[in-house]
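Trainee: I would like to go through this model step by step. Could we take the strands, then a loop, then the pocket?

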Amino acid sequence: MIATVYAVFSDLAEAERIAETVVMEELAACANILGACRSIYRWDNKLERTEEVPALFKAARPDALIARIVELHSYDVPAIVAWPIEKAHPLYAEWVGRNS
């Protein structure tokens, strides 16, 4: 099974640093760093507004990837979720499996 893992980062530098690390460590086959977004959320009973940078990772072992992102991430509680990929181009799925 392969999965897409979504995570948000404090800025572009953090997203790039973590993406490069997990790809080099073969925990993700690929990372797509998206444009900055505006996040609105509640933290410590206060409404917060922050600019963050989301990224999508392709992985065959999402649990290992999530654990590593948590280790490298600057947030106390990073937003990281995984979606299993039920259908994929067979050669793409094979490539993700070989590289993560």
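Mentor: The questions below concern a predicted model.

Trainee: How many of the residues of strand β1 are buried?

Mentor: Strand β1 covers residues 2-9 and is mostly covered. A residue counts as buried when its relative accessible area is under 20%. Of the eight residues in β1, the number buried is seven.

Trainee: Which residue in β5 is the bridge partner of V5?

Mentor: Strand β5 consists of residues 80-85. β1 and β5 pair in the antiparallel sense, over six bridges. Within β5, the bridge partner of V5 is A82.

Trainee: Over how many bridges do β1 and β4 pair?

Mentor: In β4, K58 stands opposite T4. The sense of the pairing between β1 and β4 is antiparallel, and the number of bridges is seven.

Trainee: Where does D44 lie, and is D44 buried or exposed?

Mentor: D44 lies in the loop between β3 (37-43) and β4 (46-59). D44 has a positive phi of about 50 degrees, although this residue is not a glycine. The cut-off for exposed is over 50% relative accessible area. D44 has 63%, so D44 is exposed.

Trainee: What is the phi of N45, which is not a glycine?

Mentor: N45 is found in the loop between β3 and β4. With a relative accessible area of 70%, N45 is exposed. The phi of N45 is positive, at about 60 degrees.

Trainee: What volume does the largest pocket have?

Mentor: The residues that line the largest pocket include V8, Y75, D76, V77, P78 and A79. Also among them are S39, Y41 and W43, together with E48 and E52. The volume of this largest pocket is about 220 Å³.

Trainee: Which element gives the most to the lining of the largest pocket?

Mentor: β3 and β4 each supply at least two residues of the lining of the largest pocket. The element that gives the most, with three residues, is β3.

Note on methods:
Residues numbered from 1 in each chain as written. Predicted model: local features only at pLDDT ≥ 70, side-chain atom pairs only at ≥ 80, totals over all residues. Heavy atoms only, no water. Helix = DSSP H or I, 4+ residues; strand = E, 2+ residues; numbered from the N terminus. Buried < 20%, exposed > 50% of the residue type's maximum accessible area, 1.4 Å probe, protein only. 1 Å grid on protein atoms, 1.4 Å probe; cavity = no way out; pocket = protein on both sides within 12 Å on 5 of 7 lines; lining within 4 Å. Points joined across faces, edges and corners; volume = space filled by probe spheres on them. Pairing = 2+ DSSP bridges.
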